[in-house]
Amino acid sequence: MDWAYASPQWRALVLGDTPTTQPPQGRSVATSDNLDHKRLRQPLIQAFTVRRIQELAPFIEQRAHQLIDRLPPRTPFDLVDDYAAPLTIAVICAILGISDLDQNRFRYLADRLSYPASLDDAHAARHEITPLLRQLVENKHDRLGDDLLSHLLQINRDLSVPQDMLTDTELTGATFTLLNAGHQTSIHLVTNTLLCLLTHPEQLGLLRDNSSLLGMALEETLRYEGPIGGALRRFAAEDLSIGDRPDPRRRQSSPGHAVERPP
């Protein structure tokens, strides 16, 4: 996953024409391996406790009901624009401590990252959102709140081994991962679940008769029609030989992972 091991062609294609070997938003759990990955992941594990996630439940339920109440009765509406997307971005912004006034801007940039008009558009969106997230991290240092990003910063401060502490660049990478990975995946889970139920009316009937099956329905949707097919590219830390031909441009991160070939 570490882009330092990618070929220059891959980095130019996906990250843009930049001399750096890492994404502009910084290294994160999605772009690191081994000990670096463990170090970056540990504070996230501590911040995302079951208790803290459960504390978000009332807010999520309230926002979900508010959005449902706004839907026009007996009139067509857009499930993504009118419900799934605003619910998802509201929850992610609550996790990161982003104010309501900034939510539309972050949603706009997150949408461009997920569905860019072109590679140049994706690069532009990534470079536009990075300073916003960096400023968010810097502001949180002085004004810790009760959001999960603030808890992550506090956990980082309390680490007993200075070498384990995340830099502000790495904290920016963590916020980027939370925003980008949680935005479209949650939207797709909502829409995929409804689509699966509408195309399997017998399952919809079971759920209508017994709402306690909702958790199982979501789990089954994740298995049957998951919200994402695959997003991570994998590169090896050393050159590989394909058959009897050495090819230093082809890399994979570990046995069993698919080989990435540059254009």
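Me: Which helices each supply at least two residues to the lining of the second largest pocket?
Reply: That would be α8, α9 (201-209) and α10 (214-224). Helices here are DSSP runs of H or I, at least four residues, numbered from the N terminus. A pocket is an open set of points on a 1 Å grid over the protein atoms alone, with protein on both sides within 12 Å along at least five of seven lines, and lining residues have an atom within 4 Å of a point.

Me: What should I know about the model itself?
Reply: It's a predicted model, where local features need pLDDT of at least 70 and side-chain atom pairs count only at pLDDT 80 or more, while totals for chains, interfaces and linings use all residues. Residues are numbered from 1 along each chain as its sequence is written, and side-chain values use heavy atoms, with hydrogens and water left out.

Me: Back to that pocket: which helix gives the largest share of the lining?
Reply: α10, with five residues. The lining includes Met-216, Ala-217, Glu-220 and Tyr-224.

Me: How much space lies in the second largest pocket?
Reply: About 310 Å³, where a volume is the space filled by probe spheres set on the points, and points are joined across faces, edges and corners.

Me: And how do its lining residues divide?
Reply: Eight nonpolar, three polar and one charged. Ala, Val, Leu, Ile, Met, Phe, Trp, Tyr, Cys and Pro count as nonpolar, Asp, Glu, Lys and Arg as charged, and the others, Gly among them, as polar.

Me: OK, cavities. How many of 30 Å³ or more does the structure hold?
Reply: One. A cavity is a set of grid points where a 1.4 Å probe fits but cannot get out. The largest cavity has a volume of about 50 Å³.

Me: Which helix supplies the largest share of the lining there?
Reply: α8, with three residues, and α2 (34-47) also supplies at least two. Among the lining residues are Arg-27, Leu-40, Leu-44 and Glu-170.

Me: Switching to His-188. Where is it found?
Reply: In helix α8, residues 168-199.

Me: What does its side chain make a polar contact with?
Reply: The side chain of Tyr-115, at 2.5 Å. A polar contact is a pair of N or O atoms within 3.5 Å; within protein, one must be able to donate a hydrogen and the other to accept it, and residues adjacent in sequence count only if both atoms are side-chain atoms.

Me: Last one: how far does α6 reach?
Reply: Helix α6 (119-142) has 24 residues and reaches 36 Å from its first C-alpha to its last, close to the 34 Å expected at 1.5 Å a residue, taken as 1.5 Å times one less than the number of residues.
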